[in-house]
Amino acid sequence: MSERKPLLLSGLEPLVVNEALGFVNVGERTNVTGSAKFRKLITNDDFDAALDVARSQVESGAQIIDINMDEGMLDSQQAMVTFLNLIAAEPDIARVPVMIDSSKWDVIEAGLKCVQGKGIVNSISLKEGEGPFLEQARKVRRYGAAVVVMAFDEDGQADTVERKVEICTRSYNLLVNEVGLPPEDIIFDPNIFAVATGIEEHNDYALAFFEACRQIRATLPHARISGGLSNVSFSFRGNEPVRRAMHSCFLYHGIQAGLDMAIVNAGQLDVYADIDPDLRERVEDVLLNRREDATDRLLEIAENYRGQGAKTIEKDMSWREGDVNARLTHALVHGIADFIDEDVEEARQVADRPLHVIEGPLMDGMNVVGDLFGSGKMFLPQVVKSARVMKKAVAYLMPYMEKEKDGKQQSAGKILLATVKGDVHDIGKNIVGVVLQCNNFEVIDLGVMVPAATILETAKNEQVDIIGLSGLITPSLDEMAYLAKEMEREGFSQPLLIGGATTSRIHTAVKIAPGYKGSTVYVVDASRAVGVASKLLSASNQNAYAEEVRAEYQMMRERHLAGREKRERQSIEAARANAPKIDWQGYTPPKPTFLGNKTFKNYPLADLVPSIDWTPFFATWELAGHFPEILDDKIVGEAARNLYDDAQAMLTKIVDENWLTANGVIGFWPANRVGDDIRLYEGEDRSTEKVMLHSLRQQMKHSRGRANFALADFVAAEGDAPDYVGGFVVTAGHGVKERVDAYKAEGDDYNAILLEALADRLAESFAEHLHARVRREFWAYAADETLDNAALIREEYQGIRPAPGYPACPDHTEKGTLFKLLDAEREAGVDLTESYAMWPGAAVSGLYFSHPQSEYFGVGRIEKDQVEDYAVRKNLPLTEVERWLAPNLNYDPD
């Protein structure tokens, strides 16, 4: 059949379900019928903790969240409305679409009335006949939702291929021809039933589902297919290893048959190729009904896996017995450099030319690495190790190639990468470069803080095929938009790739792509870079892919504009009237043990190791999961353990050999709130203003009585009580650049990236460590605090340390005021770039607040009335303030 139209969904951000997106994970944990924990939270009216469940689902990779409140002891309708309204005020959750899941139409309709964006109704069916079905479908269309349609009619649920296809076809014709529902908004659930139940009639259930998927995909244009995955393994409840294996195998075959999405717990899926071969064979015998005794054979071994722990893998040297090509591939895949020189020499001896070793066995091996990484069977740390081995092999061959004046091997394309002007962060860019090189792309890396003119001049001189920009801080977004316009002005046509922690698909579509007629594509992480670059340079697919992205971004711009009009905000006056109510009469602000600044030079690195938060370290390497649980994760555990071992070994050297220098400075000043700002004074008499700190206030409308916060709220107003505010700048980055450059000169990107990541972790740990000393010793308002590192990571302490440029204080220019207060350049050796990025990059800065009610929050989108007021308070032109706050504006500046 022809290519299917995309299914367009949205929360605060759009989700385009098409072939490029691939399989869609629908998070299952916000379902009272499927999660005992979630049910308990909802029945106990603990909606704040229930929101954390939803947030965890999104953080774990759910692209849609399924919400079900069908519980006998609940007012399901009220619970659904309450929870959806709460989600609407949480941008990190509300960014993904919602699947409203209920067997009660009144619950579904109540949810449709308050859900943001375009969600999915789960579900409707023909079980009560065509009348109710058509009535509900027309309402779905009126509310603008997509819909899951169950293979269920007046005669019951479909269990055979024929019945599944018959009911779905009948439903499709009714929805398209009588209701006028767009076919791409229809999602069929052909019923996943339990197998291996011991009942012979159930043996074909999975096979029937797969075949029904194929026929539905082939005969019902543009429709999607979904299912509830956990049903298939119901017979093995309590045996999680077997259930995970069944789920992974079912998805493997289901996706091949046409399954587009499923309600899954993505964190509880095993990699198909990693399942024990005997278990996998017996599971597939059951799913595919390949033998009469399939259920018995699975039961025979099932108990062997219950509660199974991690296996100990002995070092296997049998790979050394293969031929040289096989050995080179094994060394590249497993990142083993021990024998690379001798193996490359052996390959050179039998090759016509040294170049042929690169173009032959070495590239063959790297192709295997690329295939494994692309299919999810290798992970980023392993790929970077592979690149290290490859570079060592090429370095061995270089003298021979120079002697013969060999040219370079044919590359897949030449790509220029740069971190834009004013930004110093490049770990992500470095990882992308390594992955691209592993897939035979030639990469020119210009480093950090690169002006637009340099990027464009280099692109011309080197005749690159693609330009890739990276940035971490929000001012980099403006620089990227400027560079795109410069590319248009100078007549460039090369594709432009956008990536980095602050960037997003929606920002790329709305702010960057309109300035450049060439292809502009957002790349979410390193794992997607190769696929995007390959499509953009493909002679056969280039135009179609570019047009697909262009159309998708145009749709996102239109939805963004329409969505902005619908977002409910309030005036700044109304937001201030809803400020948190803090009882200053019954509270005496604590006084720090000193006022002014205190400097810490060459701080002992060993003191910083215990408070390292390792979870973000693994995220840097695109390994998802919380530490320490990630070390035993069934999917990424082995890669995580190996990476952690390498990190520990390097961390020991960093500390023992003083590779890095940690410097910091903290300060405390008399302070009082003045409106939404904080006035700092020269002395305790508070007669002379030292400087004014400026804060922004949330303007979204909250439900359930939640206040609209600004940081100034946590400081006593003038006349209430004498209060204080602190600040800090710390770094563990001195010494990083020199060692990273040395590693790169040796072709060792793995250790270069590892060192940068560890320096970042030490800087964050330094900030955490000093904050603990502030609470216990220097401000001493929590002198008896005894929190362990896990509690510190969970932020269970009193007080906060928000950083300029982050959600509670999104204005980067406030860093300038803080750095002058602390004399940070002289005391800590930390500079600010013109975009207010800190150098060295492994640095952290922020403010200290002590009040027990102070909490972290996100300012979110703000309106023009507040921005105009803020510009007056800061004595800056409105246009300049709008430039710095661009990501937070809920309007388009004139």
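I started with histidine 771: leaving out residues up to four places away in sequence, it touches Tyr781, Tyr797, Gly799, Ile800, Arg801 and Tyr848; contact means heavy atoms within 4.5 Å. Before going further, I noted that this is a predicted model, where local features need pLDDT of at least 70 and side-chain atom pairs count only at pLDDT 80 or more, while totals for chains, interfaces and linings use all residues. Residues are numbered from 1 along each chain as its sequence is written, and side-chain values use heavy atoms, with hydrogens and water left out.

Is histidine 771 buried or exposed? I found it buried, because its relative accessibility is 0% (buried is under 20% relative accessible area, exposed over 50%, partly exposed in between, with a 1.4 Å probe and protein chains only). Histidine 771 sits in helix α26, residues 749-778; helices are DSSP runs of H or I with at least four residues, strands are E runs of at least two, and both are numbered from the N terminus.

Next I looked at how α26 meets helix α25 (residues 736-745): their axes come within 7 Å and cross at roughly 165 degrees. That makes α25 roughly antiparallel to α26, the word for angles over 145 degrees. The axes are lines fitted to C-alpha atoms over the stretch in contact, with angles from 0 to 180 degrees between N-to-C directions. On the α25 side I listed Val736, Arg739, Val740, Tyr743 and Lys744, and on the α26 side Asp749, Asn751, Ala752, Leu755, Glu756 and Ala759.

Then I turned to arginine 673, which is in strand β19 (residues 661-674). At 23% relative accessibility, arginine 673 counts as partly exposed. Apart from neighbours within four places in sequence, arginine 673 contacts Ile678, Ala712, Asp713, Val715, Ala716, Ala717 and Glu718. A polar atom of the arginine 673 side chain lies 3.5 Å from the backbone oxygen of valine 715. I also checked proline 887: its C-alpha atom is 26 Å from that of arginine 673, and the two are 214 residues apart along the chain.

My last stop was helix α10 (residues 277-287), which is mostly covered, with eight of its 11 residues buried. Among the buried ones I noted Leu279, Arg280, Val283 and Leu287. The buried residues of α10 pack against α8 (205-219), α9 (240-257) and α11 (294-305). Just after α10, asparagine 289 takes a positive phi of about 50 degrees.

How values were computed
Polar contact = N/O pair within 3.5 Å; in protein donor to acceptor, adjacent residues only side chain to side chain. Parallel < 35°, antiparallel > 145°, perpendicular 65-115°, else oblique.
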